[in-house]
Structures are given as C-alpha cells and as structure tokens.
Amino acid sequence: MKWQKINITDLQECQQQLYDIGASLYQLPSWLQAFQNIGFFKPRYYKYTTQNGFAYCGLLSMQIGIVKAAILSHGPVLHNVDEYVLNELLDSLKDEGFTFVRISGQIVDRLKTL
C-alpha cells in the first residue's frame, strides 16, 4: 500500500474519522481548509489504509522559487498502523518534489527512532 492523495469530496468523511479518534486540531481538514484562501499556502491531504487501520496526513504546501516545502503540524495521524508508514510518507513527499518538510508534534520523537 502507498500513501494516496485524498479527493476533496472525501474530506468530510476523513474529518469525522479524525475527530472520532481524537486527532489534533491542526490535522483536521476543516482547520487546513482555512488556509485555502491564502494564496501562499495550499492544503494537501493524504491517506494510507490497511485492513485494520489507517494513517492520515494533512499539510500545508508552498512553492518558493524552485523549492517546494511543506508544514506538517501535529501529524501524521497513525491509527492501528506500523510506524514504517512514516518513512513511506517522507518517500512519497520526496517523489512529489518536496525539498523540505517541517514536522512538529509528538511524532518527531518517533521519527528519531526509525
């Protein structure tokens, strides 16, 4: 399985799932959509599904010249999935041309052990 972009029409369902498991406010699509009207930031949404769980990532992307950067606050959300999906997320973002990803929150400590 790979990380996949979430279609804008599926965001409401994701919002409810994330709310139900207590995900950070900063990962909720409703929070990130507020940045849609600021031309500098573009919210992007990704999911990773398994038979028993899922992972979700909401981030703000920006293009500065040739540099494509992302801000990922208090995420990604991992629900009944192995932590190796974090590496797969970073690989996926690299494949999309991101040169810099700023990650904040408790997940940073998990990344240090991978």
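Predicted model: local features only at pLDDT ≥ 70, side-chain atom pairs only at ≥ 80, totals over all residues.
Colleague: Where do I start? How many helices and strands does the protein chain have?

Modeller: Start with the secondary structure. This chain has four helices and six strands. Their order along the sequence is β-α-α-β-β-β-β-α-β-α.

Colleague: What radius of gyration would a compact globule with 114 residues have?

Modeller: Near 13 Å. The protein chain has 13 Å, so it agrees with that rule. Along the principal axes, its C-alpha atoms fill a box of roughly 40 × 30 × 25 Å.

Colleague: And contacts? What share join residues at least 24 apart?

Modeller: Take the contacts between residues at least 6 apart in sequence. Of these, 60% join residues at least 24 apart.

Colleague: Now the inside. Which residues have the most contacts in the largest nonpolar core?

Modeller: The general idea first. In soluble globular proteins, nonpolar side chains tend to be buried together. Here, buried residues make up 39% of the chain. The largest nonpolar core has 17 residues. Trp3, Tyr46, Ala55, Cys57, Leu59, Leu78 and Val85 have the most contacts inside it.

Colleague: Which elements supply at least two residues each?

Modeller: β2 (42-49), β3 (54-64), β4 (67-73) and α3 (84-95). The largest share, four residues, comes from α3. A second, separate core has 15 residues, including Cys14, Tyr45, Leu60 and Ala69.

Colleague: Last, charges. How many positive and negative side chains are there?

Modeller: There are 10 positive and 10 negative. The centres of the two sets lie 9 Å apart.

How values were computed:
Residues numbered from 1 in each chain as written. Heavy atoms only, no water. Core = buried A, V, L, I, M, F, W, Y, C linked by side-chain atoms within 4.5 Å. Buried < 20%, exposed > 50% of the residue type's maximum accessible area, 1.4 Å probe, protein only. Rg over C-alpha atoms; globule rule 2.2 N^0.38 Å. Contact = heavy atoms within 4.5 Å. Lys, Arg positive; Asp, Glu negative; His and termini not counted. Charge placed at Lys NZ, Arg CZ, Asp CG, Glu CD.
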